[in-house]
Number of protein chains: 2
Amino acid sequence: MTGRTNRQWRLARRPAKMVEPSDFRWVEEPAPDLDRDGEILVRNAYLSVDPAQRTWLAYDSYLPAVRVGEVVRASAVGRVVRSRNPDFLVGELVEGLFGWQDYAKVRADGASPARKLPEGISIPLAMSALGATGLTAYIGVTEIGKPLEGETFVVSAAAGATGAAAGQIAKSKGARVIGIAGGSEKCRRLAEHAHFDATIDYKSEDVKHRLVALCPKGIDVYFDNVGGQLLDDVLTQLALRARVVLCGAISSYNEGSTGPGPRNYINLIARRGRMEGFVVLDYADRLAEARAALSALLDSGKLVNRVDIMDGLERAPAALRRLFLGENQGKQLVKVADIQ
Amino acid sequence: MTGRTNRQWRLARRPAKMVEPSDFRWVEEPAPDLDRDGEILVRNAYLSVDPAQRTWLAYDSYLPAVRVGEVVRASAVGRVVRSRNPDFLVGELVEGLFGWQDYAKVRADGASPARKLPEGISIPLAMSALGATGLTAYIGVTEIGKPLEGETFVVSAAAGATGAAAGQIAKSKGARVIGIAGGSEKCRRLAEHAHFDATIDYKSEDVKHRLVALCPKGIDVYFDNVGGQLLDDVLTQLALRARVVLCGAISSYNEGSTGPGPRNYINLIARRGRMEGFVVLDYADRLAEARAALSALLDSGKLVNRVDIMDGLERAPAALRRLFLGENQGKQLVKVADIQ
């Protein structure tokens, strides 16, 4: 026994639509012992709050669904507090799918290994622009969308962590960047702080008409985080040889089933377009290069990083809800313990 | 005046759903004179009957829609009977968008130029396996789908001209080929004569269950001529890094608007898949090589070509209907005049 209490959020039932507090069960139990060589015990510092988590609670995809009764799956960063693994020393900073809890026992041979994080950068930065969020945006833009100088690049959920980064990365490649976001305040901030060329407020503007007005020569790259009607509207405005980067579909994550599909997919024929999905996990060999490029963009001021931190493990369910209410301002994190 | 009568089918109104005889108007007028240098007059021999024609009657896509009152647009092959163009001699065989008529006046500077056909191959062969149909299948398979040895390749409308060719081309690349077609007779013929590895009769079988059974490791390439529910069913069965070749969507061509979109497009993310449209017109620089490859496949018996010829210009509307009733057996042509 470690003597430590491990507070946890476990999945109580699969969410029906929007995640509700009652979908989760608060459990307190002793932190686990290490009983096999290769294991480490991690004290979580911050949890990453991501739209994909909603899908993990619902169905098998690139990862199996979280089972009812299991700790809620989430990316997290923490420090090694016990180790029976010579590759991980007590005190080292690690990231992995450690879940909504104080302590995670990780087996080196498990499906969810720990990766070391370098010291000297702030954990929130390592979990946003230099973490999976920034890397997802970088790989999606540079490997799938590949905007060329002067091309028109449109991104949805543009005020979200991934969308804002994707737009700024595309801008750094010379593209004209248009962000679609919900609310005039978000749009104002994208234009002023993230240097977007134009924005569309889907809550108050007619997206289709605005796309026609803003993209007279068509949309060359669409970085899609939303799916749904927005994707369908964009498909009517594709330029020749357009690339649609499928990063997410947050509009559908709260539905019991996915909504209607994009009927204008057929436009991909006339426009010789391409719609392609990707998962950043596949690009392990590119991540060092991507991190270096993101660091350079941050240093030059071309990438403005924004982090939204809620304090306390008990607020993890509320933090996840915020994403789907569009309330987060940049990358949503939950601070579990003060151990930078 | 040429003294010749030019029989024509003109568009009387835009078809509502299935094309009806009353959507077209039969006109007889004198064959046109050549009045400008560069022009040629072509006597049509055969008309090509293609699903895409239905879309040309309905809306602008990669070509502008046929206007009401205009001759119905169709690919055709004929012979030059008058020429004011030094590049085209009287008697030469040419192909182009000559339309549903006996005589087409073509301007060398027009949007619909004529291309010469070599002598010595039968016109029906030049309009099927060695024409746009075979070339579309070849480019779609080799440039977009790119099946590898041992991969699973599924094609819809597999008994249609393009589908049957696509399946056989994929088979020649070493793929395992599964065809989806309507009716046991079509399926039997694909297995026996076109050497498909398996078939699914969508009229009598549960396509989704059959796909699971026949593709336990998933579908690597889907060559889609149909769209609609079939596309959605296939998207649930994609292998990792699958390629969906968007060639056509015949299931939607008779609808006033396109039907529901493929809701399972979202699977492209989890499966890291790609859905891509193409138009064979873009590959002019590849066509000589493609024709040579198709000829070699025909010579070796790996590509069995099947042509379905209706006799007489007056039957062109009926021939187009046949496509949407699934009655054609291979490439549908209409013979207008006996001038091989």
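Domain bounds are taken from an automatic or database domain assignment. The model is predicted: local features need pLDDT of at least 70, side-chain atom pairs count only at pLDDT 80 or more, and totals for chains, interfaces and linings use all residues. Residues are numbered from 1 along each chain as its sequence is written, and chains are lettered from A and ligands numbered from 1 in the order in which they are written.

**Domains of chain A**

- The assignment divides chain A into domain 1 (5-128 + 306-335) and domain 2 (132-281).
- Between the C-alpha centres of domain 1 of chain A and domain 2 of chain A the distance is 29 Å.
- To their contact, domain 1 of chain A contributes 16 residues and domain 2 of chain A 13 residues, where two residues are in contact if their C-beta atoms, placed from the backbone, lie within 7 Å.
- On the side of domain 1 of chain A that touches domain 2 of chain A, helix H1 (residues 52-56) of chain A gives the most, with 3 residues; helices (H or I, at least four residues) and strands (E, at least two) are DSSP runs, numbered from the N terminus.
- That side of domain 1 of chain A has 6 nonpolar, 6 polar and 4 charged residues, with Ala, Val, Leu, Ile, Met, Phe, Trp, Tyr, Cys and Pro counted as nonpolar, Asp, Glu, Lys and Arg as charged, and the others, Gly among them, as polar.

**Contact between the chains**

- Chain A and chain B each put 28 residues into their contact.
- Helix H8 (267-270) and strand S13 (274-277) of chain A are the elements that give two or more residues to the side of chain A that touches chain B, and S13(A) gives the most, with 4 residues.
- By class, the side of chain A that touches chain B holds 13 nonpolar, 8 polar and 7 charged residues.
- The copies meet through the same surface, because 100% of the interface residues of chain A are also interface residues in chain B.

**Strand S13**

- S13(A) pairs with strand S13 (residues 274-277) of chain B in the antiparallel sense over 3 bridges; strands pair if DSSP finds at least two bridges between them.
- A:Arg274 has B:Glu276 as its bridge partner in S13(B).
- Within chain B, strand S12 (residues 238-246) and S13(B) pair in the parallel sense over 4 bridges, and B:Val245 stands opposite B:Glu276.
- S13(B) is covered on both faces, with B:Arg274 and B:Glu276 buried on one side and B:Met275 and B:Gly277 buried on the other; buried means that 20 or more other C-beta atoms lie within 10 Å of the residue's own, exposed 12 or fewer, and partly exposed in between, with C-beta atoms placed from the backbone.

**Helix H3 of chain A**

- Of the 14 residues of helix H3 (residues 132-145) of chain A, 12 are buried, including A:Leu135, A:Tyr138 and A:Ile144.
- A:Lys146 follows H3(A) and has a positive phi, near 45 degrees.
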